[in-house]
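Hi,

Here is the model for your set-up work. Please look it over, then read the notes below it.

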Amino acid sequence: MPQETLEWSSTVASTFDATISRVENDDGNYAVAGSTGQSGTIDFGNMTASDIGTINWIRAYYKALATGVKQTIRVGTQFRDSSGGALGSADIVIVEGPSEQLYPGTTLYNDGASAWTESSVNDARLVVEFNAIISSGPTELWIDYIYVVVDYSEPVIPTPTYDSTVNNVHVLSGNIDITS
């Protein structure tokens, strides 16, 4: 199944100490949240594939780290539409380390009841919130890069069928000469 990767397109809102727009590139330029409750909302732009049938799943990936000594923090991830309506959410846990790691968020599947469509993916925003410090002590959330992977199926093109009752020659009277 084909997949498309969507990257930061614009910042909708941010209370990060160092703006959330820094997640645009995998370049070591961190968006920093220094306290719980800080959040950022980002837009990923539109899908560019021209042959999208069904959206199977969508997942956000974070290249991030928690600073401090033996720190673990919880980051809330929410997909919302441009009006603020919830499309799906999941928390991820980011641990302290000497360098950033890639953290996959929970995969949000197309469950049929509230199916993802190309339009809903194009309208989706990602809300990232520094939710909680799981281990004690001061810590900061540093995010270098966020991207979203969308898995989709190409449209099913029906096989043409031949109707044997159409486009036939019916002779009711007279002669037909066929020469080549």
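Strand E6 (residues 72-80) and strand E10 (residues 125-133) run antiparallel and are joined by eight bridges. Strands here are DSSP E runs of at least two residues, numbered from the N terminus, as helices are (H or I runs, at least four residues). Two strands pair if DSSP finds at least two bridges between them. Within this pairing, Ile73 has Ile133 in E10 as its bridge partner.

Before going on, the ground rules. This is a predicted model: local features need pLDDT of at least 70, side-chain atom pairs count only at pLDDT 80 or more, and totals for chains, interfaces and linings use all residues. Residues are numbered from 1 along each chain as its sequence is written, and side-chain values use heavy atoms, with hydrogens and water left out.

Now the sheet. It is open, with five strands in the order E2-E4-E10-E6-E7 and antiparallel pairing. Strand E2 (10-14) and strand E7 (86-95) are the edges, each pairing on one side only.

Next, Lys63. This residue lies in strand E5 (residues 54-66). Lys63 counts as partly exposed because its relative accessibility is 22%; buried is under 20%, exposed over 50%, partly exposed in between (1.4 Å probe, protein chains only). Leaving out residues up to four places away in sequence, Lys63 touches Asp26, Glu100, Gln101, Leu102, Trp142, Ile143, Asp144 and Tyr145. Contact means heavy atoms within 4.5 Å. The C-alpha atoms of Lys63 and Val171 are separated by 74 Å, with the two residues 108 apart along the chain.

Best regards
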